Amino acid sequence: MPADKLDFKKKYKDLYLPKGEPELIQVPKMNFIVVAGEGAPESESYQNAVQILYSLTYTIKMSKMSGSQPEGYIEYVVPPLEGLWDSAAGVGYDPNRDQWRWTSMIRQPDFVTQSVFEWACKQAAKKKPELDFNRARLTTYDEGLCVQMMHTGPYSRELGSIDRMQQFIAENGLIDCCGTDRKHHEVYLKDPRKTAPEKLKTVLRHPVSKKL
């Protein structure tokens, strides 16, 4: 691996390798390719969204192989899959997974502009015509002030970690801003297809504000 190859997880450890206890963090603006939808993570819509994201991301990353890399291209490691979550039923955990609403996303290097994104959509559609790349968009996400922590273990046990985050928010005079505009955020550091449930690592992040 080249010494100057950008690895977001290593360069920005505060964002991708937090402690196992809640902490306050100011999250900077970042560029993402995103696909939004509804339903459980096992749904066809969600699985297709993930395929779209990785198809576009690897089309951009591997553009150097054909000599069509964009201006400003740098070598980099593909960042982890992330997701914003809420529910059609409103704020709070909804056991009805069919009502879950999500925005699945992968961070992009700064050289990925709208024109680069549109080029990638055209190229990826040639290889995977069964996927609807019109679902994807390139956006800048300005998350701001958040409480976050590392959750280790199955996704089904995240509520215990979220309770600890809620306690931290209350004890530090903060306001939980999870809702329509700012959502519960997860960063998936391990592939669940290759990792035992008890060894999964997920960054949990809740947007907050300070009381006036």
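Predicted model: local features only at pLDDT ≥ 70, side-chain atom pairs only at ≥ 80, totals over all residues.
**Gln148 and its surroundings**

- The side chain of Gln148 reaches the backbone oxygen of Asp14 at 2.6 Å, and the side chain of Gln148 also makes a polar contact with the side chain of Arg205, at 3.0 Å.
- Leaving aside neighbours within four places in sequence, the residues in contact with Gln148 include Asp14, Leu15, Pro18 and Glu21, together with Met165, Val203, Leu204 and Arg205.
- One of these contacts, Met165, is itself among the buried residues of helix H5.

**Helix H5**

- Helix H5 covers residues 158–171, and its 14 residues should span 20 Å at 1.5 Å a residue, which agrees with the 20 Å that separates its end C-alpha atoms.
- The buried residues of H5 are Glu158, Ser161, Ile162, Met165, Phe168 and Ile169; seen down the axis of H5, these buried residues fall within an arc of 115°, so they line one face of the helix.
- An α-helix has 3.6 residues a turn, so residues three or four places apart point the same way.
- On the other side of H5, Asp163, Ala170 and Glu171 are exposed.
- The cover over the buried residues of H5 includes strand S1 (23–38), strand S4 (136–152), strand S5 (174–176), strand S6 (184–188) and strand S7 (201–210).
- Just after H5, Gly173 takes a positive phi of about 65°.

**Aromatic pairs and charges over rings**

- The count of aromatic pairs comes to nine, and among them Tyr73 and Phe111 form a tilted pair, with 5.2 Å from centre to centre and 50° between the planes.
- Tyr73 lies in the loop between helix H3 (44–61) and strand S2 (81–87), whereas Phe111 lies in the loop between strand S3 (100–107) and helix H4 (114–127), so this pair ties together parts that are 38 residues apart in sequence.
- Both members of that pair, Tyr73 and Phe111, are buried.
- Elsewhere, ring pairs link Tyr46, Trp85, Trp100 and Trp102 into a cluster.

How values were computed:
Residues numbered from 1 in each chain as written. Heavy atoms only, no water. Helix = DSSP H or I, 4+ residues; strand = E, 2+ residues; numbered from the N terminus. Expected span 1.5 Å × (residues − 1). Buried < 20%, exposed > 50% of the residue type's maximum accessible area, 1.4 Å probe, protein only. Arc of directions from axis to C-beta. Contact = heavy atoms within 4.5 Å. Phe/Tyr/Trp six-rings, centres within 6.5 Å; stacked < 30°, edge-to-face > 60°. Polar contact = N/O pair within 3.5 Å; in protein donor to acceptor, adjacent residues only side chain to side chain.
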